Amino acid sequence: MVILREKKSLLSKIATSDQHGENSPYFDGWKAYDQDPFHPTQNPHGVIQMGLAENQLSHDLIERWIVENPKSSICTDVGVDLFKDIANFQDYHGMPEFREAIAKFMGKARGDRVRFDPDRIVMGGGATGASESLMFCLADPGDGFLVPTPYYPAFDRDLRWRTGIQLIPIVCKSSNDFKITKQALESAYDNAIKSNIKIKGLIIANPSNPLGTTMDRETLKTLIKFINDKDIHLVCDEIYAATVFNTPDFISISEVLQEMEQDPMNRINPELVHIIYSLSKDMGLPGFRVGILYSYNDGVVSSARKMSSFGLISTQTQHFLASILSDEVFVESFLIENSRRLAKRHKVFTQGLEEDGITCLASNAALYVWMDLRRLLKKPTFDEEMRLWRLIINEVKLNVSPGSSFHCVEPGWFRVCFANMDEQTVQIALNRIHIFVKKGKENETTTTKNKRSRPWSKDLRLSFSSRLYDETTMMSPRIMSPHSPFAHSPLVQART
Ligand SMILES: Cc1ncc(COP(=O)(O)O)c(C=O)c1O
């Protein structure tokens, strides 16, 4: 006799659900890179990683500081005396000198226009861990948070997966450079209420991921008024606060809050405002996992601190950061030099794209551009966007991230990171784009002659592989160096 039993899951619902948010092309692109990573000599035709918002432009400055300050590390002759104390210290408030230094740094990263209280600093495992803890403090499963689109794809994992909250998009469009309007805000809120979703707050990333833009004062005021009217929370992810390299200057929610509070007419409740911060971008230290939750709400500070036991920053890291961030002369010069290098890289990259007729949303911050490839789509659909994305990954061998993974409502936008590679790799990436565009245009001319007007995007897939035959002859002047890995490309040899 056969006994039919319902198949038992050995794992939890969370572990087996597909709500982790990682089933998106944003993460798929990383996998494509992992399988065939570019290396200038060992794999010069591999995929170049342009999907990772990392800042690798200023590590040398930190390296130099480390060499000059051996006492900041417990792994040196002069620092080892502190080993026992640091190895034993374990307190979820964090080391006082660390909290002091990070609060000061947060102020510096905002032009010293606001002061942060070290007693409100709560630690997390990167902004990722800090923002999840915040969600656990503010909301219950099923509650909703409004978030303007396009937004950082990992919010779906970090904020939603384990907490069970919902993210409700506020639709923003290219017609006004994806700015949040009062109407879009109200409409997203009203629709959620009609669908019986309890809205607990609004989440923004300022500077924006993926737009690379900063919010103006008026917009920030509108948001503060909105959340106060509705009596909901405002979560501001300011992870790129000091990663601003052009005007207009960054304006933190903390500054606007301070200004508005001073005017009694405003009736503002600061307890509704929370800031997420991290050293992953502004100091280029994502591996250190230093995340900060800064809340103006005592209840949130107290409960988040208890939760921070699940994701503390190691005392070794706190000790090192307390030393380096307390060196005000270094911090000041680091921030200036880092911005200068980012501005230069951004200029080189966007000008290179412009030479090929590719434009990006005008931006002043962060580690990527929001590239407009709408004219390369045969039709304005997300299927077409995916077709183009696959072509870019598989043939052009650049891992860029498609707009759909950022919940953008308009197909044809792509986020492209420019600060996680050296200058030579940037030039190689630009050259690949140059060849791609040139070949596409040639194709258009041929097909137009043969068949009358057809969009040049139509035959890109068929045509692009053939670029490899004449890659060297189409080389842009910027990469005609005798050291160029392209000149001896094994891929060219293999295919020809
Ligand atoms: C807007 C935003 N928030 C949070 C994170 C996660 O940062 P962390 O490495 O500090 O966890 C990122 C990383 O790309 C980000 O862009």
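**Exercises on the predicted model**

Pro248 is placed in the loop between strand 6 and helix 10 (253-262). Helices (H or I, at least four residues) and strands (E, at least two) are DSSP runs numbered from the N terminus. The model is a predicted one, in which local features need pLDDT of at least 70 and side-chain atom pairs count only at pLDDT 80 or more, while totals for chains, interfaces and linings use all residues. Residues are numbered from 1 along each chain as its sequence is written.

**Exercise 1. Backbone exceptions**

Solution. 
- Step 1. Pro210 belongs to the loop between strand 5 and helix 9.

Next, locate Asp112 and Asp177, and state whether each is buried, partly exposed or exposed.

Solution. 
- Step 1. The criterion counts other C-beta atoms, placed from the backbone, within 10 Å of the residue's own: 20 or more make it buried, 12 or fewer exposed, and values in between partly exposed.
- Step 2. Asp112 has a positive phi of about 55° although it is not a glycine, and lies in the loop between helix 5 (96-108) and strand 2. Because there are 10 other C-beta atoms within 10 Å, Asp112 is exposed.
- Step 3. Asp177, likewise not a glycine, has a positive phi of about 60°. Its loop runs between strand 4 and helix 8 (182-194). With 13 other C-beta atoms within 10 Å, Asp177 is partly exposed.

**Exercise 2. The two faces of helix 2**

Determine which residues of helix 2 (residues 25-35) are buried, and what they pack against.

Solution. 
- Step 1. The buried residues of helix 2 are Pro25, Tyr26, Gly29, Ala32 and Tyr33.
- Step 2. These residues lie on the same side of helix 2, because they cover an arc of only 115° around the axis; the arc is that of the directions from the helix axis to the C-beta atoms.
- Step 3. In general, an α-helix has 3.6 residues a turn, so residues three or four places apart point the same way.
- Step 4. Lys31, Asp34 and Gln35, on the other side of helix 2, are exposed.
- Step 5. The packing partners of the buried residues are strand 1 (48-49), helix 14 (382-396), strand 11 (398-399) and strand 12 (401-402). Contact requires C-beta atoms, placed from the backbone, within 7 Å.

**Exercise 3. The four-stranded sheet**

Describe the pairing in the open sheet of four strands, and explain why strand 10 is largely enclosed.

Solution. 
- Step 1. The strands follow the order 9-10-13-12 with antiparallel pairing. Strand 9 (359-360) and strand 12 are the edges, each pairing on one side only.
- Step 2. Strand 9 is joined to strand 10 by two bridges, and Cys360 has Met371 of strand 10 as its bridge partner.
- Step 3. Five bridges connect strand 10 (residues 368-372) with strand 13 (residues 413-417); Tyr368 is partnered by Cys417 of strand 13.
- Step 4. Strand 10 is largely enclosed by the rest of the structure because four of its five residues are buried.

**Exercise 4. The ligand shell**

State how many residues surround the ligand, and how they divide into nonpolar, polar and charged.

Solution. 
- Step 1. The ligand is surrounded by 13 residues, the closest being Gly126, Ala127, Thr128, Ser278 and Ser280; a residue is near a molecule if its C-beta atom, placed from the backbone, lies within 6 Å of it.
- Step 2. Helix 6 (residues 126-138) supplies the largest share of the shell, three residues.
- Step 3. The shell holds six nonpolar, six polar and one charged residue. Ala, Val, Leu, Ile, Met, Phe, Trp, Tyr, Cys and Pro count as nonpolar, Asp, Glu, Lys and Arg as charged, and the others, Gly among them, as polar.

Note on methods: Two strands pair if DSSP finds at least two bridges between them.
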